[in-house]
Amino acid sequence: GDHAISYYLTLPIPPALVFIRMLVYNALFFTAVCLVLFPVCNLFLPAPIIYSTIHWPKFIATLLCTNFFHGALILWSATCVADMRMLGKVWSRLLHPLWFFGGFQFTWAAACKKSVWLGYLVLINPLMHATEGMRSALIGGEGYLPFWVSTTMLTGTTVLMMVHAIARFKRRLDVV
């Protein structure tokens with residue numbers, strides 16, 4: 001239930017490990033779901049992705065970085081709400097802008113072509129790096145952000161969010 005975390009915080013381990021365990025569990029669960037859904041969803045694409053053109057190491061690395069970021073985002077978002085009724089505000093104030101400017105509707109190159117300052121502004125958004133990394137791994141070609149830039153940004157953002165989330169959780173919860 002809502003108080004299941006209380007049990008884990010009474011264990012003789014550092015409280016940070018409890019939150020890191022939650023991050024790893026969520027990230028691996030999301031990755032497993034993505035790996036199952038990927039071939040199924042590929043059946044419904046108008047132009048299916050050809051598996052031989054996928055750069056598999058980049059795909060797996062980007063998928064893991066993206067899912068670890070999403071796991072950290074969930075934990076960090078949980079520190080921003082007092083109760084479940086406040087989740088709508090998190091969606092409208094945080095998650096929707098991240099999604100909208102996350103590159104799902106446009107590439108980074110298209111944003112730069114439209115407006116240079118907008119192109120560089122959307123680089124702040126970690127979801128832009130996730131979508132650009134996926135495009136690079138799945139489609140390949142030029143015009144996408146470099147793989148190492150995307151994975152470095154996602155990893156750095158994940159670490160910063162987790163450090164901040166753990167600090168906020170420690171202040172908010174009664175850790176032993």
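Predicted model: local features only at pLDDT ≥ 70, side-chain atom pairs only at ≥ 80, totals over all residues.
## Packing of H2 and H3

On the H2 side, the contact is formed by Phe19, Met22, Leu23, Val24, Asn26, Ala27, Leu28, Phe30, Thr31, Cys34, Leu35 and Phe38. H3 contributes Phe59, Ile60, Leu63, Leu64, Asn67, Phe68, His70, Gly71, Ala72, Ile74 and Leu75. Classified by residue type, the contact between H2 and H3 comprises 18 nonpolar and five polar residues, with no charged residues.

## Overall architecture

The protein chain contains eight helices and zero strands. Read from the N terminus, its elements follow the order α-α-α-α-α-α-α-α. Along the principal axes, the C-alpha atoms of the chain occupy a box of roughly 50 × 35 × 30 Å.

Considering contacts in the protein chain between residues at least 6 apart in sequence, 70% connect residues at least 24 apart.

## Burial and surface

Of the 176 residues in the protein chain, 36% are buried. The accessible surface of the chain amounts to about 10,800 Å², and carbon and sulfur atoms account for 74% of this area.

Terms used
Residues numbered from 1 in each chain as written. Heavy atoms only, no water. Contact = heavy atoms within 4.5 Å. Helix = DSSP H or I, 4+ residues; strand = E, 2+ residues; numbered from the N terminus. Nonpolar A, V, L, I, M, F, W, Y, C, P; charged D, E, K, R; others polar. Buried < 20%, exposed > 50% of the residue type's maximum accessible area, 1.4 Å probe, protein only. Areas by Shrake-Rupley, 256 points an atom, 1.4 Å probe, with all protein chains shown as cover.
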